[in-house]
Amino acid sequence: MIVMAEELIIAQGGKHERYSLLYKQIAALMEGESDQIANMANVAAMIHVTFGFWWTGFYRVQGEELVLGPFQGPLACSRIRYGRGVCGTAWREAVTQVVEDVELFPGHIACSSLSRSEIVVPVWQGGEIVAVLDIDSEHLATFDDVDRQWLEQIVKLFDR
Ligand code: SME
């Protein structure tokens, strides 16, 4: 029998405790793997399973568009133009977008009508944004500064 070394441990307690242990496991996993797509796939899965979000994934910068990358959750839009939606705004503004109510965000792209709040974090590599990490929740105001800080810390692991 082959036993997989990869096993996700989810901390008990609050958001901070969960992110703290999640971060350590993501850092350890990425230390042993250089392929960006493989890392995006596992990072999306680990965040998704730890918190039970509605949709967790990456869009990668390809020319003037963001193209869907590894994700967990329901079917999503394949391409997002520069500056469009929450994802395109995070790319253009080069800053994390925390959206408490997606219906109040002008130009929000509704890939799923069940999505109510969202966070999009730019992924930097060598001074350029190469992707965004997008997380959707089916509840209002799921994301706050704790999520922003930890998720920004997690995507820094791609900058190497
Ligand atoms: N809502 C995003 C589009 C991507 S999906 O949520 C997966 C946006 O407005 O950019």
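Predicted model: local features only at pLDDT ≥ 70, side-chain atom pairs only at ≥ 80, totals over all residues.
Local features need pLDDT of at least 70 and side-chain atom pairs count only at pLDDT 80 or more, while totals for chains, interfaces and linings use all residues. Residues are numbered from 1 along each chain as its sequence is written, and side-chain values use heavy atoms, with hydrogens and water left out.

**View 1. Helix α1 (residues 15-31) against helix α2 (residues 36-51).** Helices (H or I, at least four residues) and strands (E, at least two) are DSSP runs, numbered from the N terminus. The two axes come within 11 Å and cross at roughly 160 degrees; axes are lines fitted to C-alpha atoms, for helices over the stretch in contact, and angles run from 0 to 180 degrees between N-to-C directions. α1 and α2 are therefore roughly antiparallel to each other, a term for angles over 145 degrees. Contact means heavy atoms within 4.5 Å. On the α1 side the contact includes Tyr19, Leu22, Ile26 and Leu29, and on the α2 side it includes Val43, Met46, Ile47 and Phe51. The residues of this contact comprise nine nonpolar, four polar and two charged. Here Ala, Val, Leu, Ile, Met, Phe, Trp, Tyr, Cys and Pro count as nonpolar, Asp, Glu, Lys and Arg as charged, and the others, Gly among them, as polar.

**View 2. Helix α1 against helix α4 (residues 145-155).** These axes come within 10 Å and cross at roughly 5 degrees. α1 and α4 are therefore roughly parallel to each other, as angles under 35 degrees are called. Among the residues that meet are Tyr19, Tyr23 and Ile26 of α1 and Trp150, Leu151 and Ile154 of α4. This contact has eight nonpolar, three polar and two charged residues.

**View 3. The surroundings of the ligand.** The ligand is surrounded by 13 residues, and Val86, Cys87, Ile109, Glu118 and Asp136 are the closest. A residue is near a molecule if one of its heavy atoms lies within 4 Å of it. A polar backbone atom of cysteine 87 is 2.8 Å from an oxygen atom of the ligand. A nitrogen atom of the ligand lies 2.7 Å from a backbone N or O atom of isoleucine 109.

**View 4. Histidine 108 in the loop between β4 (97-99) and β5 (117-125).** The side chains of histidine 108 and glutamate 118 make a polar contact (3.4 Å). A polar contact is a pair of N or O atoms within 3.5 Å; within protein, one must be able to donate a hydrogen and the other to accept it, and residues adjacent in sequence count only if both atoms are side-chain atoms. Not counting residues up to four places away in sequence, histidine 108 touches Gly85, Val86, Val102 and Glu118.

Terms used. Parallel < 35°, antiparallel > 145°, perpendicular 65-115°, else oblique.
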